[in-house]
Amino acid sequence: MENLYLMMAPLFSSKLLIVLFFGTLFGLILGVLPGLGPTTGGALILPFTMTLDPLSAIVLLTSIYCAGTYGGAITAVLINTPGTPAAAATCLDGYPLAQKGEAGRALGMATVSSTIGGIFSVVVLVFFAPLLAQLAYEFGQPEYFALAIFGLTMLASIGDGSPIKNLIAGAFGILISTIGKDFMTSIDRFTFGINELSEGIGFIPVVVGLFAISEMLTQSTLLNQVFKRITLKAVKLPSIDDYKKTWKTILRSSGIGSFIGVLPAEGGTVASLIGYAEAKRWSKKPEDFGKGSIEGIAGAEAANNAATGGAMVPTLALGIPGSATTAVILTGLIIHGVRPGPDLFREQPEFLYGIFGSMLIANIMFFVFGFFGAKIFARITLVSNKLLWPMIFAVSVCGTYSLNQSLIDVWIMLLFGVIGFFMRRYGFSLVPVIIGLILGELVEGTLRQSLVIFEGNWLMFFTRPIALTFFILSFIALIFPLIKRKKIKND
Amino acid sequence: MNNVQNKKRANKSRSPFFFTDSFKVLSLIIIISSILLIVTFTFDIVPPILNRGIQPATFPKALLVLIIFLTLIVYFLSLKIPWKKEKKLPKQFFITLYNFILFIIIAKTLDFLLAISVLSFLVSYFWGERRIIYLLLVSILFPIIVFIFFETILGLRFPPGIITNIYYN
């Protein structure tokens with residue numbers, strides 16, 4: 001009861017409501033614009049959060065996360081281009097349905113299923129995050145090391161990119177985290193005599209470079225692309241018949257999305273693909289999928305928004321990001337001096353339940369904004385790339401510079417922009433780099449501390465039941481994509 | 001018979017492996033990783049009493065060996081299933097890239113705000129914007145708004161330069 005009251009606290013704080021309002025609005029705009037999204041948007045907004053108190057800052061980031069994930073559906077339905085990678089599966093049926101003159105119905109279903117998925121996942125978050133945090137009390141350094149390894153091996157099954165390329169990208173991310181003074185012995189590593197590199201490479205320059213600047217370079221190659229826009233009259237709430245057809249799909253996808261979200265490193269993109277595939281598998285009319293099936297839209301959208309709350313579970317309970325955007329949120333927590341993990345649940349419940357409550361409100365807010373404002377948000381895509389990207393560049397450069405007031409951060413951002421462009425061009429996913437970068441210190445730190453505890457005996461890792469379980473799960477995570485590929489080949 | 005001829009033609013038209021994207025990209029990764037691996041041997045070694053579990057160089061070494069090993073796997077897989085050929089990069093991509101270099105030069109030598117303005121103008125222009133009012137908006141008005149916003153709200157002090165010095169004085 002007390003927790004419920006804490007959850008409702010944001011409703012009674014005008015400051016938090018204003019933050020939620022702008023966060024949701026900004027998240028929707030980011031979600032609608034192809035190439036941007038909650039990860040880039042979160043990274044760009046991070047320096048601005050320094051002017052806010054920790055709760056408001058994280059509320060701002062989480063509301064961007066929730067609304068941005070939904071916003072991608074608007075562009076997916078109207079211009080057949082996913083605003084965010086998580087909305088890719090929505091294109092498959094959203095756009096064909098819009099082509100049939102039912103864009104309002106398609107967006108109505110996307111809005112309702114996203115909201116239900118999002119709210120479902122907040123309930124999962126409220127129940128499971130404290131349980132997971134309680135379990136984490138049993139964790140020592142070896143267990144955290146095994147958990148981080150599990151999180152990294154999960155990168156193999158991230159949706160875009162081949163498993164091995166994802167692992168290379170993840171290892172690259174960890175390698176970046178080793179740049180600078182070794183945090184245990186103060187020995188310089190990969191600094192090449194540059195003093196500024198002694199502090200290591202910051203998270204923000206890498207994220208902004210990989211996502212915003214590389215996207216700018218990608219856009220420079222797509223200038224002649226013409227989008228076929230479908231005009232939207234108004235968003236229509238689904239009919240009783242549509243609800244009858246889709247309620248099971250929405251519930252199933254909400255469950256799938258929340259579960260996938262909880263798994264370290266997986267996120268909305270994987271969730272929506274699985275949610276869509278399962279909706280097709282269980283449908284009475286699988287032949288309609290890809291031709292404008294309302295169940296297809298519901299399956300993908302409920303799952304990707306359900307992943308938002310799910311992804312926050314390991315982020316808050318263990319400090320292991322559940323997705324790329326939660327990696328940005330995790331950085332936000334650390335910048336504001338909040339250390340995620342079991343102690344946070346014991347010492348600052350009002351902070352945590354404030355976040356839970358805000359996510360709930362953000363889901364309701366984007367429903368209202370989406371329902372009444374989708375037509376306006378759809379117009380944002382009319383802003384020319386020739387004007388939009390130079391402006392994003394200006395914000396990226398100033399935002400990156402602002403954190404440490406260091407020009408080297410700006411150069412690093414540009415360098416990672418170029419690296420990110422070529423990585424994407426040749427099929428290497430960027431998300432593993434971010435997850436690797438944020439988990440790098442944890443992996444190395446816990447490994448070295450564990451070896452001190454074990455007096456250098458590596459085999460001792462396997463004598464710890466929880467660590468052993470995570471290693472077995474890691475092994476499964478590594479071979480799962482191979483089994484999946486073989487199964488697809490056989491089918 | 002036709003199939004055999006088609007196959008022969010396909011093999012003939014396929015460029016030698018050394019010229020494929022996969023070979024170039026993966027070789028570059030292996031070369032950079034190998035150089036970095038050599039660099040790790042130059043890291044200081046801590047005495048056993050200060051050593052926390054492993055030497056500071058051990059972890060990066062292991063990572064680089066892993067990257068090389070995984071890249072070799074991708075390399076052999078690409079022999080079996082070749083990568084799809086990427087389209088040639090357009091002129092605008094290289095112009096944008098050159099603009100980044102110009103941005104660095106101007107920001108380092110003249111002024112940070114001026115560098116943003118010049119890049120915004122050139123990118124917008126070379127991407128096809130010709131309306132002068134929009135070019136001015138994107139290259140002058142917007143950077144000034146961003147500058148003032150960061151300066152006043154975040155209390156950020158931008159690096160000295162010909163324009164920022166005028167503002168701060």
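**Ground rules.** I number residues from 1 along each chain as its sequence is written, and chains are lettered from A and ligands numbered from 1 in the order in which they are written. As the model is predicted, local features need pLDDT of at least 70 and side-chain atom pairs count only at pLDDT 80 or more, while totals for chains, interfaces and linings use all residues.

Entry: I began with helix 4 (residues 54-79) and helix 14 (residues 349-380) of chain A, which pack at about 35° with axes 8 Å apart. My helices (H or I, at least four residues) and strands (E, at least two) are DSSP runs numbered from the N terminus. Axes are lines fitted to C-alpha atoms, for helices over the stretch in contact, and angles run from 0 to 180 degrees between N-to-C directions. I noted a right-handed crossing for helix 4 and helix 14 of chain A; that is, the near helix is turned clockwise from the far one by less than a right angle, anticlockwise being left-handed. On the helix 4 side I found, among others, A:P54, A:C66 and A:L78, and on the helix 14 side the residues include A:F351, A:N363 and A:A378. Contact here asks for C-beta atoms, placed from the backbone, within 7 Å. The residues of this contact divide into 17 nonpolar, seven polar and no charged. Nonpolar covers Ala, Val, Leu, Ile, Met, Phe, Trp, Tyr, Cys and Pro, charged covers Asp, Glu, Lys and Arg, and the others, Gly among them, are polar.

**Entry: helices 15 and 16.** Next I looked at helix 15 (residues 385-404) and helix 16 (residues 407-425) of chain A, packed at about 135° with axes 8 Å apart. They are therefore oblique to each other (under 35 degrees is roughly parallel, over 145 roughly antiparallel, 65 to 115 roughly perpendicular, the rest oblique). Their crossing is right-handed.

**Entry: chain A against chain B.** The contact takes 47 residues from chain A and 48 from chain B. Helix 7 (163-177), helix 8 (203-220), helix 15, helix 16 and helix 17 (431-453) of chain A each supply at least two residues of the chain A side. Helix 15 of chain A gives the largest share, twelve residues. By class, I have 31 nonpolar, nine polar and seven charged on the chain A side.

**Entry: helix 7.** How many of the 15 residues of helix 7 of chain A are buried? I found 14, so this helix is largely enclosed by the rest of the structure. Buried means 20 or more other C-beta atoms within 10 Å, exposed 12 or fewer, and partly exposed in between, with C-beta atoms placed from the backbone.

**Entry: single residues.** A:S186 has a positive phi of about 65° without being a glycine, and sits in the loop between strand 1 (180-181) and strand 2 (188-189) of chain A. A:S186 is exposed, with 12 other C-beta atoms within 10 Å. A:F192 lies in the loop between strand 2 and helix 8 of chain A and counts as exposed, with 8 C-beta neighbours inside 10 Å.

Last, I checked A:F203 in helix 8 of chain A, which is buried with 23 C-beta neighbours inside 10 Å. Leaving aside neighbours within four places in sequence, A:F203 is in contact with A:T331, A:L437 and A:I438.

Conventions
Two residues are in contact if their C-beta atoms, placed from the backbone, lie within 7 Å.
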